[in-house]
Amino acid sequence: MVQELFVKKLATPTKIPIARYVVNPYIGCGHGCLYCYARFIGPFKKMAGVWGKDIFVKVNAVEIFEREMPHLKGPILLSSVCDPYQPLEERYQLTRGILELINSHFKSAHILTKSSLVLRDIDLLIDSNVKVTITITTDDDRVRRILEPNASPIEERFEALSQLKRAGVDVSVFVGPILPMNPEKLARELSKYVDKVSIDGMNYTWQVERIYQKYGWTRWLRKETMNAVANAFRNFLEVV
């Protein structure tokens, strides 16, 4: 279900280190990642929706952001509890409209996405004050299909990373949460594009415990496995 709604406020202050404000053009996310904290942290928990299927679109987001823009002092994060390039963005283009405003005021911003749709807006990202972080959680697209069913395939994310890098966009990689993978293979591939990565283990493991048991992945929920992945990555990249 897609439901359009009108909001009175868009940008909200945040304590996330990379930004002073966060902007979420959508409530809910069509990627449907099984592990996502946003299903119970943030506004979605109040919407009585089904995670990954019910999306609430802030159709006046660009208009509200334009009104708020002059008062924002500091970098902006797109986004914290949704992917700004989730599938519905192709239709609504709210993130693109917000980026156009950010550029027009030369504001600093940071995009966090696991979608190759970000390439649609490469014209706005070149020579901008906007950083992009691509989330790549595994090298195994079978794992991606199970845990991130509607997110971009892993190869598409690598292609997005490659094209953004070639275009001179300030781009980085976040490996989080760490999903079942071949860490040496993934780190070697990432090292073609970046010198360092940020990584994080699985938080709120109760959301995926059953499916991890089904596929024999339970060791990937242990802290020692995350440490082993970090050590493997350090053979190829700086881990931050």
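Analyst: R144 counts as buried, because its relative accessibility is 6%; buried means under 20% relative accessible area, exposed over 50%, and partly exposed in between, with a 1.4 Å probe and protein chains only. The model is a predicted one, in which local features need pLDDT of at least 70 and side-chain atom pairs count only at pLDDT 80 or more, while totals for chains, interfaces and linings use all residues. Residues are numbered from 1 along each chain as its sequence is written, and side-chain values use heavy atoms, with hydrogens and water left out.

The side chain of R144 meets that of D141 in a salt bridge, 2.8 Å from N to O. The term stands for a side-chain nitrogen of Lys or Arg within 4 Å of a carboxyl oxygen of Asp or Glu. D141 and R144 are three residues apart, both in helix 5, which is about one turn of the helix. Helices (H or I, at least four residues) and strands (E, at least two) are DSSP runs, numbered from the N terminus. D141 has a salt bridge with R145 as well, at 3.4 Å from N to O. D141 and R145 are separated by about one helical turn, because they are four residues apart in helix 5. R145 is partly exposed, at a relative accessible area of 48%, whereas R144 is buried.

The structure holds 11 salt bridges. One of them joins K114 to E148, with the closest N and O atoms 3.6 Å apart. K114 sits in the loop between strand 7 (109-113) and helix 4 (122-125), and E148 in the loop between helix 5 (141-147) and helix 6 (154-166), so the pair ties together parts 34 residues apart in sequence. K114 is buried at a relative accessible area of 10%, and E148 is buried at 0%. Elsewhere, E89, R96, E100, R120, D121 and D123 are linked in a network of salt bridges.

The backbone of K114 leads on to D83. The side chain of D83 reaches the backbone nitrogen of K114 at 2.9 Å and the backbone nitrogen of Y85 at 2.8 Å. Such a polar contact is a pair of N or O atoms within 3.5 Å; within protein, one must be able to donate a hydrogen and the other to accept it, and residues adjacent in sequence count only if both atoms are side-chain atoms. D83 lies in the loop between strand 6 (76-78) and helix 2 (89-92), and is buried, with 7% relative accessibility. Apart from neighbours within four places in sequence, D83 is in contact (heavy atoms within 4.5 Å) with C29, H31, L112, T113, K114 and S115. N24 is 59 residues away from D83 along the chain, yet their C-alpha atoms are 8.1 Å apart.

T135 touches this segment too. T135 belongs to strand 8 (residues 130-135) and is buried at a relative accessible area of 4%. With neighbours within four places set aside, T135 contacts L112, T113, K114, R157, F174 and G176.

The aromatic residues can be taken next. A search of the whole structure finds six aromatic pairs. In one, the ring centres of F40 and W206 are 5.3 Å apart and the planes stand at 45°, so the pair is tilted. This pair links distant parts of the chain, 166 residues apart: F40 is in the loop between strand 4 (26-27) and strand 5 (55-58), and W206 in the loop between strand 10 and helix 8. In a second pair, Y215 and W217 have ring centres 4.9 Å apart and planes at 20°, so the pair is stacked. Rings of Phe, Tyr and Trp (its six-membered ring) pair if their centres lie within 6.5 Å; planes under 30 degrees apart count as stacked, over 60 as edge-to-face, and the rest as tilted.

F40 is partly exposed at 25%, and W206 is exposed at 54%. Y215 is partly exposed at 29%, while W217 is buried at 8%. F40, Y204 and W206 form one aromatic cluster.

Y37, I41, Y204 and W206 make a nonpolar surface patch of about 410 Å². Patches consist of residues with over 30% relative accessible area and no salt bridge, with like charges joined within 9 Å and nonpolar side chains (Val, Leu, Ile, Met, Phe, Trp, Tyr) within 5 Å. Accessible areas come from the Shrake-Rupley method with a 1.4 Å probe, and for residues only the protein chains shown count as cover.
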